[in-house]
Amino acid sequence: QVQLVESGGGLVQYGGSLRLSCAASGTIFGINVMGWYRQSPGKQRELVAVITSGGSTNYADSVKGRFTISRSKDNGKDTVYLQMNSLKPEDTAVYYCNLAEALGRYDYWGQGTQVTVSS
């Protein structure tokens with residue numbers, strides 16, 4: 001069983017920065033994608049950014065040029081980061097980490113971390 005532990009959310013002012021981290025514990029196999037999704041009240045969960053085990057990335061149009069996703073293996077754990085710059089109030093949401101295998105054999109979610117941007 002894989003667990004995803006997120007950290008780094010919080011309250012920041014308009015134009016500020018935050019860095020989210022998500023560490024995956026457990027045995028991970030196959031080609032996979034790690035990423036961040038977000039959900040604000042009354043809206044559906046949406047993709048923010050994803051990165052494959054090979055390093056390819058994809059971003060939502062609304063965050064391109066402001067957010068950067070990266071991943072590494074820290075202390076033996078696959079870890080994904082989301083550097084968020086130039087934050088806007090519309091970035092306010094609960095951010096969820098996701099780890100999914102390319103063939104669909106597993107799909108894990110973190111517990112979510114709140115990001116609030118004040119105007």
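## A buried cysteine and its surroundings

Cys22 is buried, with a relative accessible area of 0%, where buried means under 20% relative accessible area, exposed over 50% and partly exposed in between, using a 1.4 Å probe and protein chains only. This residue belongs to a predicted model, in which local features need pLDDT of at least 70 and side-chain atom pairs count only at pLDDT 80 or more, while totals for chains, interfaces and linings use all residues. Residues are numbered from 1 along each chain as its sequence is written, and side-chain values use heavy atoms, with hydrogens and water left out.

Cys22 is found in strand S3; helices (H or I, at least four residues) and strands (E, at least two) are DSSP runs, numbered from the N terminus. Leaving aside residues up to four places away in sequence, Cys22 touches Leu4, Val5, Glu6, Met34, Trp36, Asp78, Thr79, Val80 and Cys97, with contact meaning heavy atoms within 4.5 Å. Although Glu6 and Cys22 are 16 residues apart along the chain, their C-alpha atoms are separated by 4.3 Å.

## The disulfide

A search of the whole structure finds 1 disulfide, defined as a pair of cysteine sulfur atoms within 2.5 Å. The disulfide joins Cys22 to Cys97, with an S to S distance of 2.1 Å, and the link is left-handed, with -85° about the S-S bond. Because Cys22 lies in strand S3 (residues 18–25) and Cys97 in strand S9 (residues 93–101), the pair ties together parts that are 75 residues apart in sequence.

## The chain as a whole

The protein chain contains 0 helices and 11 strands. Its C-alpha trace spans about 40 × 30 × 25 Å along the principal axes. For 119 residues, a compact globule would have a radius of gyration near 14 Å, and the protein chain agrees with this at 14 Å; the radius is taken over C-alpha atoms, and the globule rule is 2.2 Å times the number of residues to the power 0.38.

Of the 119 residues of the protein chain, 43% count as buried. Among the contacts in the protein chain with a separation of 6 or more, 54% come from residues 24 or more positions apart. The accessible surface comes to about 6300 Å², of which 47% belongs to carbon and sulfur atoms; such areas come from the Shrake-Rupley method with a 1.4 Å probe, and for residues only the protein chains shown count as cover.

## Two loop residues

Most residues other than glycine have a negative phi. Ser86, however, has a positive phi, near 50°, and this residue is found in the loop between strand S8 (77–84) and S9. With a relative accessible area of 40%, Ser86 is partly exposed.

Asp61 lies in another stretch, the loop between strand S6 (57–59) and strand S7 (67–74), and at 64% relative accessibility Asp61 counts as exposed. Asp61 and Ser72 are 11 residues apart in sequence, and their C-alpha atoms are 24 Å apart in space.
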